[in-house]
Every structure is written in C-alpha cells, then in structure tokens.
Amino acid sequence: MKTKNFIIVGLVALIIIGVILITTSTAPGNYDGFAKCLSSQGVKMYGAYWCPHCLNQKKDFGNSWKYVNYIECSLPNKAGQMEICKQASIEGYPTWEFSKGERVEGEMSFEQLAGKSGCELA
C-alpha cells in the first residue's frame, strides 16, 4: 500500500512540475514588446553562457528574452571565442551593439536600453 501511494504521489509531482515548466517557458513575457522593438532596431547583445552579468540581463527580460537578438560568443567548456565574436572584435561581456554601430560593455538597465535604441518601455 505504501509503495502504491508513493508511486502515485511521485507521478502527481512529476505532472505538476511538467505543467509549471511548460507554462513558464511559453507564457508571454512582461517585456515582449520592448524586446521585439530592440531586435527590430538592430540591437544585439553579445555574451557568454558562463558570464554572470549576461545571466542577469537574461533574468531581467524573463520570458521575453527569446525576442532579444543574442549572440553567444563562448565555445563549449570556455574553450575560446566564437568566430563571429572575434570578427566583431568583442572584448567583454555583455556587449550591447546598437544600430549605428555604437557599443556599450556591461549590464544595461531597461531605461538605458530604451534611451539608446529609441524603444519605449510599456
């Protein structure tokens, strides 16, 4: 009896976790319009998967991150830099690049991004 209850509780827990993962990964983000505008204005973020500042930027956007034009610069296992980033002369992460070629290294607030891109924060 205890084994059967344990299995049922385990299955219910897996179902709940699955539903949470599905709804959070596909739910619209709070900044979808802003992120889409950044991309339409040619704004790019160069970053690395291991960079804590890049992770902070991704967290800021939440589910809206999928609309940001992001270029991964790090090879697996931190084994160097991707060729696209070498050719773009990316030296630090994150590096935000704007439509007229202007670049800013480091984390940027949404207000700073809005000011540089012309995109409005809703």
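**First stop: E97**

Select E97, a residue that is buried, with a relative accessible area of 12%; the cut-off for buried is under 20%. Please bear in mind that this is a predicted model. E97 lies in strand β3, which covers residues 95-97.

Next, display the side chain of R103, which is joined to that of E97 by a polar contact of 2.9 Å. Which residues are in contact with E97, once its neighbours within four places in sequence are left aside? They are G42, V43, K44, Y46, E102 and R103.

**Second stop: the sheet**

Select K44, which stands opposite E97 in β3. Strand β1, residues 44-47, runs antiparallel to β3, and three bridges join the two.

Now extend the selection to the whole open sheet, whose four strands have the order β2-β1-β3-β4 with mixed pairing. Which strands stand at the edges? They are β2 (70-72) and β4 (103-105); each has a single partner strand, so one side of each is left without a neighbour in the sheet. From one strand to the next, the twist averages 20°.

Select F34, L38, F61, V68, W96, F98 and L113. In the largest nonpolar core, which has 18 residues, these touch the most other members. Helices α2 (32-40), α3 and α5 (110-117) each supply at least two residues of this core.

Centre the view on F61. Not counting residues up to four places away in sequence, F61 touches Y31, F34, A35, L38, V68, W96, F110 and L113. Another core, of six residues, lies apart from the largest one; among its members are Y46, I71, C85 and A88.

**Last stop: the whole protein**

The protein has five helices and four strands, and from the N terminus on its elements run α-α-β-α-β-α-β-β-α. Of its 122 residues, 30% count as buried. Among contacts with a separation of 6 or more, 63% are between residues 24 or more positions apart.

Terms used:
Residues are numbered from 1 along each chain as its sequence is written. This is a predicted model: local features need pLDDT of at least 70, side-chain atom pairs count only at pLDDT 80 or more; totals for chains, interfaces and linings use all residues. Side-chain values use heavy atoms; hydrogens and water are left out. Buried means under 20% relative accessible area, exposed over 50%, partly exposed in between (1.4 Å probe, protein chains only). A polar contact is a pair of N or O atoms within 3.5 Å; within protein, one must be able to donate a hydrogen and the other to accept it, and residues adjacent in sequence count only if both atoms are side-chain atoms. Contact means heavy atoms within 4.5 Å. Two strands pair if DSSP finds at least two bridges between them. Axes are lines fitted to C-alpha atoms, for helices over the stretch in contact, and angles run from 0 to 180 degrees between N-to-C directions. A nonpolar core is a set of buried Ala, Val, Leu, Ile, Met, Phe, Trp, Tyr and Cys residues joined through side-chain atoms within 4.5 Å.
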